[in-house]
Structure formats: structure tokens, C-alpha cells
Amino acid sequence: MLNLSEPINELKKILKPSKYKKIFILTGKNSFYLSGIDKILKKSLTNQECCFFFKKSKIPEVKELTNIIKKLNKFNPDLVLAIGGGSVLDYAKIANNIRDLENLKKNIIYSNYKIKKKYPVLAIPTTAGSGAEVTPNAVIYIGKIKYSIEDNLLVPDFFLIIPEIVMGLKKTIKASSGFDAIAQGIESLISKKSNDKSVNFATKSLKISLENYIDFIKKPNIGNTYKMCLAANFSGKAISISRTTAPHALSYPFTSHYGINHGHAVSLTLNEFLKFNYENIKYADCKFSLKERYNILFKLTKASNINELNLFIKSLKKKANLETNFKKLKINANNSMLKILSGVNLQRLVNNPIKINISDLKIILKGKYNEN
């Protein structure tokens with residue numbers, strides 16, 4: 001049985017006023033109060049000066065990032081406390097390391113930014129999904145285009161998993177964020193940059209997430225919530241090494257243009273890319289046996305072949321109520337092809353074990369649109 005007092009006592013230790021007198025708290029207004037972290041924090045803070053920034057944008061975007069940096073620079077805290085999902089944690093990681101506002105957009109677009117950490121960061125995730133509390137990268141949108149900031153200095157100094165604040169999430173958020181953890185584990189296994197260490201983290205993550213995902217959504221308790229948080233954390237450690245692949249690369253325009261939550265957006269094409277990679281396995285550009293990696297996936301999902309793996313993942317999405325039909329989601333892949341393709345993240349696409357070109361993406365998107 002998980003002892004809930006442990007992470008809360010740890011939070012009190014970290015937030016001792018003798019250590020940190022000024023704390024910049026970055027969070028989402030809804031998640032801050034609905035999760036119950038406000039009450040936990042009230043008991044953990046004693047006489048510190050706190051400055052709050054409540055993020056409003058659904059996705060991390062550069063205009064709001066600018067406002068965060070301005071407020072952070074003005075307040076000059078001893079500690080940055082980031083409480084929220086992936087967007088909040090990404091904001092904190094970027095704002096604490098890129099503090100120069102001059103030509104911010106241009107520098108991000110052309111990767112001409114200077115990384116310099118100023119304050120320690122404590123990350124408390126309120127979702128069980130991205131593992132952003134342990135990853136050395138963060139996402140920011142400029143317009144409808146997603147950019148990645150990557151550097152080891154972005155990794156938060158501390159993180160705490162408090163399942164009590166994750167358990168009461170809406171089912172839609174649990175389904176999306178939880179599937180993100182699953183997709184990260186799967187993609188990490190077959191990513192070109194994967195190694196023995198990332199495979200170990202990905203395998204641990206998938207063993208836990210596949211067993212607890214549906215109950216976490218439909219029959220949540222402290223035990224399965226903690227396990228999903230742990231699975232997300234392991235998946236974050238896995239992709240910190242391997243990075244993600246094609247399903248993530250193609251997910252971002254579905255979020256920016258259609259407002260589909262990130263994990264849900266990743267789920268839209270995961271099956272198609274897994275099948276594409278397997279059917280073209282002889283063209284694999286990896287330093288490992290891609291077939292052996294698929295065998296790990298087969299074993300984890302109790303599948304005998306790619307078709308059974310495909311059915312397993314489809315069943316998982318159906319049980320989680322993740323809609324993947326483009327027409328029902330009002331995604332017209334034929335009319336919006338250029339809009340979707342222009343938002344593909346090339347950094348993630350090149351990690352795919354099979355080289356993918358634009359014509360391959362078009363075939364996959366058209367096939368999805370023509371699905372019944």
C-alpha cells in the first residue's frame with residue numbers, strides 16, 4: 001500500500017523556508033484547484049513569498065511563454081515550482097533556461113538560443129503521461145508550428161509523484177495522457193537512437209501501463225494511479241535517451257489545428273506506423289535488430305504477430321474511448337493535407353527505424369481518412 005504521507009512530507013522538506021524564501025509557482029488554474037494540490041501546498045508553505053502564474057493556453061505557445069519569462073525575471077525567485085501537465089512543465093523548463101526575450105521567436109525557430117539555468121526547478125506532474133518531469137526537452141508552438149528545445153539543463157532538479165492529485169482527473173485527460181505514456185514506451189523501443197538502457201526503461205513502463213491503463217481510467221484508485229504515474233516517469237526516461245518517432249512527429253498538427261489532446265493525437269496513427277515499419281523491416285536503418293524489438297512488443301501484448309498487435313492496440317483505444325476515425329473527428333485529410341504535413345516535426349520523424357518520405361505520409365493519412 002502506498003503511503004500518501006511520504007511524497008507530501010518530502011514536499012514539506014524541499015519547501016523549507018530556510019532553503020527557499022521566494023517561490024515562483026507556475027500552474028494551470030483548473031488543475032491547481034481541481035487536483036487538490038492547492039490544499040497540499042497550503043500546508044507545505046510557511047511564510048514564503050510566492051508569485052503565481054496561471055497558464056491559460058491549452059498548448060505551450062510563445063506569446064504566453066514571453067509573459068512567463070517577464071514575470072519570472074521580475075520576481076527573481078529562489079525556486080521555480082511547476083505543477084501541472086506537460087504544457088506547464090515545458091513552460092517552466094524553457095522559461096528557466098531561456099531568459100533573453102530579444103528575438104525570442106527567431107532564436108527558437110533557428111535554434112539560436114542560449115541555455116542557462118538560473119533557478120532550481122521542482123516539477124510535480126498532475127497527469128500520468130509525458131514524463132516531462134525527467135526529460136531534457138520541452139515543446140513550444142510558434143503559430144501552429146511546434147518546436148523542440150533540447151538540453152540536459154532542462155531536466156528539473158527535483159520531481160515528486162503525488163497520485164492523490166492525479167486520481168481525480170477527467171476520464172478524457174486520463175485516456176489521452178495515459179496513452180501518451182504507452183506510445184512513448186512503444187516508440188522508444190523501436191527508435192533509431194534507442195539502446196539497452198532505454199529499452200529497459202521502455203519495457204518497465206509498458207509492463208506497468210498496459211496492466212493498469214484501463215482501470216486507471218474507469219476504476220481509479222491510489223494504487224493504479226501511482227503505477228500509471230510511475231509508468232509515465234519510466235517512459236519519460238526512455239525517450240530522454242531514444243526520443244520519439246513518426247506517430248509523435250505527425251501528432252502535433254492534430255493538436256494545433258484540431259485541438260486534439262496530445263496523447264489522443266499520437267494514438268491516431270500509432271497502428272499505421274507500427275504496421276508500416278514492420279512491413280518494411282528489411283529496410284531498417286538501425287544498429288539493432290528491429291525484428292527483435294517487435295518481438296519484445298509481441299511478448300508484452302501477448303500478440304503472436306503484427307496483426308494481433310494491431311488488434312490489441314485498437315482494442316485498448318476503444319476501451320479508453322479514444323476516437324481515431326478522421327471523419328468523426330472532422331479531420332479532412334484530403335483537403336487539409338498541406339496543413340497537416342507542414343506541421344510534422346522532422347526531429348522526431350528522423351528517429352523512425354524506417355526512412356519515411358512525404359509520399360508515405362500522404363498514403364497513411366489518406367488511408368486513415370478513407371477508413372470506415
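T127 is found in the loop between β4 (121-125) and β5 (137-142), and in this predicted model T127 counts as buried because its relative accessibility is 18%, which is under the 20% limit for that class. Leaving out residues up to four places away in sequence, T127 touches G84, G85, G86, V166, L169, I173 and S177. The points below take up the sheet, the hairpin, the aromatic residues and two further positions.

**The parallel sheet**

- An open sheet of five strands, paired in parallel, runs in the order β2-β1-β3-β4-β7, and its edge strands, each pairing on one side only, are β2 (49-55) and β7 (158-159).
- Within this sheet, strand β1 (residues 22-28) and strand β3 (residues 79-84) pair in the parallel sense over five bridges, and the bridge partner of I25 in β3 is L81.
- Helix α5 (residues 86-95) lies across β1, β2, β3 and β4, and the helix runs at about 160° to β3.

**The hairpin of β5 and β6**

- β5 pairs with strand β6 (residues 145-150) in the antiparallel sense, over six bridges, and K146 in β6 is the bridge partner of Y141.
- Two residues lie between the strands of this hairpin, in which G143 takes a positive phi near 65°.

**Aromatic residues and charges over rings**

- A search of the whole structure finds eleven aromatic pairs, and one of them is the stacked pair of F201 and F234, with 6.2 Å from centre to centre and 25° between the planes.
- Because F201 lies in helix α8 (residues 196-218) and F234 in helix α9 (residues 222-242), this pair ties together parts that are 33 residues apart in sequence.
- Both members of the pair are buried, since F201 has a relative accessibility of 15% and F234 has a relative accessibility of 14%.
- F32, Y33, F52 and F54 form one aromatic cluster, and the charged end of K29 sits over the ring of F54, 5.7 Å from its centre.
- K22 lies over the face of F75, at 4.6 Å from the ring centre.

**S191, a buried loop residue**

- S191 is found in the loop between α7 (171-190) and α8, and S191 is buried, with a relative accessible area of 0%.
- A polar atom of the S191 side chain lies 3.5 Å from the backbone oxygen of R243.
- Setting aside neighbours within four places in sequence, S191 is in contact with S242, R243, T245, F288 and N351.

**K42, an exposed helix residue**

- K42 is found in helix α3 (residues 37-44), and K42 counts as exposed because its relative accessible area is 71%, where the class begins over 50%.
- The C-alpha atoms of K42 and S315 are separated by 42 Å, and these two residues are 273 residues apart along the chain.

Note on methods: Residues are numbered from 1 along each chain as its sequence is written. This is a predicted model: local features need pLDDT of at least 70, side-chain atom pairs count only at pLDDT 80 or more; totals for chains, interfaces and linings use all residues. Side-chain values use heavy atoms; hydrogens and water are left out. Helices (H or I, at least four residues) and strands (E, at least two) are DSSP runs, numbered from the N terminus. Buried means under 20% relative accessible area, exposed over 50%, partly exposed in between (1.4 Å probe, protein chains only). Contact means heavy atoms within 4.5 Å. Two strands pair if DSSP finds at least two bridges between them. Rings of Phe, Tyr and Trp (its six-membered ring) pair if their centres lie within 6.5 Å; planes under 30 degrees apart count as stacked, over 60 as edge-to-face and the rest as tilted. A charge sits over a ring if NZ of Lys or CZ of Arg is within 6 Å of the ring centre and within 35 degrees of the ring normal. A polar contact is a pair of N or O atoms within 3.5 Å; within protein, one must be able to donate a hydrogen and the other to accept it, and residues adjacent in sequence count only if both atoms are side-chain atoms. Axes are lines fitted to C-alpha atoms, for helices over the stretch in contact, and angles run from 0 to 180 degrees between N-to-C directions.
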